[in-house]
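Today I opened my notebook to look up the pockets of a protein model. Here is what I wrote down, entry by entry.

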Amino acid sequence: MSPSPSAVSAVAAAETLLVALDFDGTLADLGDDPMAVRPREGNVDLVSRLSALPNTEVVILSGRQLRDLRFLSGMEHVARLVGSHGAEPQDGLALSDAESSLLEAVDLRLREVLTEADDDRVWVERKPAARVLHVRLLEDEVRKRRVLDHAMAFFRPVGGVHVTEGKDILELAVLDVTKGSYLEAARNEYGADAVLFIGDDVTDETVLRTLSHGDLGIKVGSPDDGPSAATAFLPDTAAVTAFLREFAEARAAATA
């Protein structure tokens with residue numbers, strides 16, 4: 001179910017528009033080495049073009065920590081970058097003593113999870129307010145599920161730790177912030193009349209569920225992948241680039 005021309009035209013013509021884009025799996029292809037990922041060719045220029053249009057705010061809203069997003073995206077000077085699912089705005093964040101202590105407790109428990117997994121292909125990414133357990137490199141889907149389920153059962157009873165499952169990952173955060181809660185605040189801050197959002201992961205559903213009539217929420221993938229609050233789908237990252245090119249032209253015409 002591709003975005004309908006009427007929905008695209010309506011959002012492109014909004015008086016004030018907020019464009020929020022996921023990074024991995026949306027602007028960039030997914031990869032086994034997270035630090036080797038880069039935006040697809042043309043996407044930096046397209047984001048820059050959209051950002052330069054009148055009354056158009058562009059946010060790259062990623063689960064990555066802000067430091068890595070700045071390094072990998074190449075978009076720091078053409079869009080607002082927000083990391084850690086909204087917990088790391090462009091000016092960064094600071095944890096309280098209690099939150100820092102809780103993060104240390106997460107580290108201790110994760111060591112037990114890694115010991116139980118006993119496989120170098122299971123690893124932990126450290127973010128300023130979270131830890132992320134990665135199982136993407138495991139080839140056996142049953143084994144992936146077993147490791148994630150074990151970690152989930154281990155952490156769900158821990159008060160103050162917010163557990164979120166994504167594509168081959170389990171995120172353990174000490175701040176209760178989602179992409180959806182960030183986007184709602186950004187919409188109010190910017191005074192946006194409409195929102196265009198594109199994302200590919202389970203965590204992006206928190207944004208898609210906040211959208212309303214007049215917005216356009218697009219999921220990268222297929223409706224057959226599972227339940228989604230998206231109103232339209234694009235099959236892959238190449239289709240995202242093609243869509244952004246057409247949308248930038250429509251927005252430019254509407255704001256001329």
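I began with the second largest pocket, where I found 20 lining residues, with His85, Thr164, Val177, Thr178 and Thr203 nearest the centre. A note on terms: on a 1 Å grid over the protein atoms alone, a pocket is an open set of points with protein on both sides within 12 Å along at least five of seven lines, and a lining residue has an atom within 4 Å of a point.

The model is predicted, so local features need pLDDT of at least 70 and side-chain atom pairs pLDDT 80 or more, while totals for chains, interfaces and linings use all residues. Residues are numbered from 1 along each chain as its sequence is written, and side-chain values use heavy atoms, without hydrogens and water.

Next I sorted the lining of the second largest pocket and got 8 nonpolar, 7 polar and 5 charged residues. Here Asp, Glu, Lys and Arg count as charged, Ala, Val, Leu, Ile, Met, Phe, Trp, Tyr, Cys and Pro as nonpolar, and the others, Gly among them, as polar.

Then I turned to the largest pocket, with a volume of about 590 Å³; a volume is the space filled by probe spheres (1.4 Å probe) set on the grid points, which are joined across faces, edges and corners. Of its 31 lining residues, I noted Asp24, His134, Lys167, Ile169 and Asp201 as the closest to the centre.

Which residues make up this lining: nonpolar, polar or charged? I counted 16 charged, 8 nonpolar and 7 polar for the largest pocket.
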